[in-house]
Amino acid sequence: MKDVAIIGSGPAGLSAAITLINRNKDIAVFGPAGGSAKVIRSHEIRNYLGIPAVSGEELAKRFADHAASMGVEITDDKITAVYAMGEYFALQAASGAMYEAKRVILAAGVTAAKPLPGETELLGRGVSYCATCDAPLYKGRPVAVIGYSPKEEAEARFLAEVCSAVTYFPVYKQAPDLPESVKVIKEIPTAVESKGLRSRAVRTAEGGYEADCVFILRDSVAPSNLVPGLDTDGEAVIVDRQMRTNIPGLYACGDVTGRPYQIAKAAGEGNIAAISAAE
Amino acid sequence: MLTTVVNNDMSAINASAAAFVDLNAVWCGPCRMLGPVVDELADEYDGKVDFYSVDVDENPVIAQQFGVSSIPALVILKNGKPVASSIGFKPKAQLKDWIDENI
């Protein structure tokens with residue numbers, strides 16, 4: 001079991017990581033090896049103290065090199081759920097692995113995932129984010145899948161084996177590679193609606209498509225879904241000045257806590273979160 | 001203590017003054033994570049609240065009665081009447097608050 005698990009390898013996550021290494025903590029950092037895509041994509045940064053006018057690519061490299069020089073290892077596995085078990089945290093990853101840590105620092109950045117109208121209201125009652133979890137509840141029943149990346153096609157394929165019918169809405173350009181039994185609708189969903197006690201529908205500009213359950217599968221996970229029970233204010237995780245969230249032992253820092261979305265702010269908050277987690 | 005419900009038998013749940021029902025399934029990840037938390041709560045509330053575990057595959061009639069469309073689903077009943085329900089994993093501290101507010 002690690003002392004601290006850090007979710008995110010951007011400036012907030014790496015700043016937290018180096019601070020914890022300084023305090024001899026046993027840590028795990030989850031995220032892309034190269035760091036934050038957002039930083040890398042930035043054209044030029046002029047307000048990161050100590051480094052006048054630097055490209056995003058160069059700054060990201062400096063962050064990665066600094067962390068590596070202190071022995072920080074980045075595990076490229078996407079955390080899909082964090083369970084607060086009381087005395088420790090269990091982290092579920094996309095690879096299927098389960099990690100455990102006494103404390104968690106959430107530095108996952110800001111997600112672009114905005115819920116569709118009706119999505120939050122119907123979640124758990126005919127709207128689901130997890131095909132593997134809920135597919136058996138819809139055995140022999142018609143379902144709809146809204147996939148935000150080609151990766152989600154595997155989930156649609158799995159559902160097609162269990163459900164009576166699958167209607168797939170690809171929210172991306174690439175043509176889906178799916179069995180003939182899956183009906184592909186190339187229309188952009190605009191809302192999810194309730195059509196009665198057990199029936200839901202996906203609404204698009206062209207019409208409505210009924211299903212018993214609508215699976216909404218996105219790549220990014222909103223913080224409140226990633227950590228069940230976490231208090232958020234819209235997309236931002238609520239923290240106090242010590243970066244503590246409402247869940248004891250779980251801290252948040254960087255873009256995930258809200259504006260301003262600045263690298264210097266992220267690094268500063270990462271530092272604070274690490275010191276709080278090390279107590 | 002935690003009782004495993006079988007054969008769609010609601011009699012014990014209905015007879016309890018205060019019952020906490022955990023609706024789950026073996027194939028459900030979050031349900032498995034909630035299991036140890038519910039076990040601990042059952043011990044802590046021993047004598048005050050009766051805890052029940054209902055596998056929705058083994059007890060489909062009960063699952064339908066509670067209108068379960070997503071699991072884990074938790075229901076608090078007082079003398080057989082549902083007074084509160086919750087969907088999904090919740091941290092132990094929050095479940096304790098939820099139980100205290102509703103029993």
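Predicted model: local features only at pLDDT ≥ 70, side-chain atom pairs only at ≥ 80, totals over all residues.
**Ground rules.** Local features here need pLDDT of at least 70 and side-chain atom pairs count only at pLDDT 80 or more, while totals for chains, interfaces and linings use all residues; side-chain values use heavy atoms, with hydrogens and water left out. Residues are numbered from 1 along each chain as its sequence is written, with chains lettered from A and ligands numbered from 1 in the order in which they are written.

**Entry 1: strand β8(A).** I started with β8 of chain A, residues 142-147. Strands are DSSP runs of E, at least two residues, and helices are runs of H or I, at least four, numbered from the N terminus. Is β8(A) mostly buried or exposed? Five of its six residues are buried, so the rest of the structure largely encloses it. My cut-offs: buried is under 20% relative accessible area, exposed is over 50%, and partly exposed is in between (1.4 Å probe, protein chains only).

**Entry 2: its neighbours.** Next I looked up the pairing, where two strands pair if DSSP finds at least two bridges between them. β8(A) runs parallel to β9(A), residues 165-170, with six bridges joining them. There, G147(A) faces P170(A). β14(A), residues 213-217, is also parallel to β8(A), through five bridges, and I146(A) has I216(A) as its bridge partner in that strand.

I then followed the chain from β8(A) through helix α6(A), residues 153-162, to β9(A), and this is a right-handed β-α-β unit. Right-handed means that, with the strands pointing away from the viewer, the path from the first strand over the helix to the second runs clockwise.

**Entry 3: aromatic pairs.** I searched the whole structure and got eight aromatic pairs over all chains. Rings of Phe, Tyr and Trp (its six-membered ring) pair with centres within 6.5 Å; planes under 30 degrees apart are stacked, over 60 edge-to-face, the rest tilted. One of the eight is F30(A) with Y99(A), tilted at 55° and 4.6 Å centre to centre. F30(A) is in β2(A) and Y99(A) in β6(A), so this pair ties together parts 69 residues apart in sequence. F30(A) is buried at 3%, whereas Y99(A) is partly exposed at 25%.

Y45(B) is buried at 5% and F51(B) at 0%.

**Entry 4: charges over rings.** I count these when NZ of Lys or CZ of Arg is within 6 Å of the ring centre and within 35 degrees of the ring normal. K38(A) has its charged end over the ring of Y261(A), 4.9 Å from the centre. R218(A) does likewise over Y148(A), at 4.8 Å.
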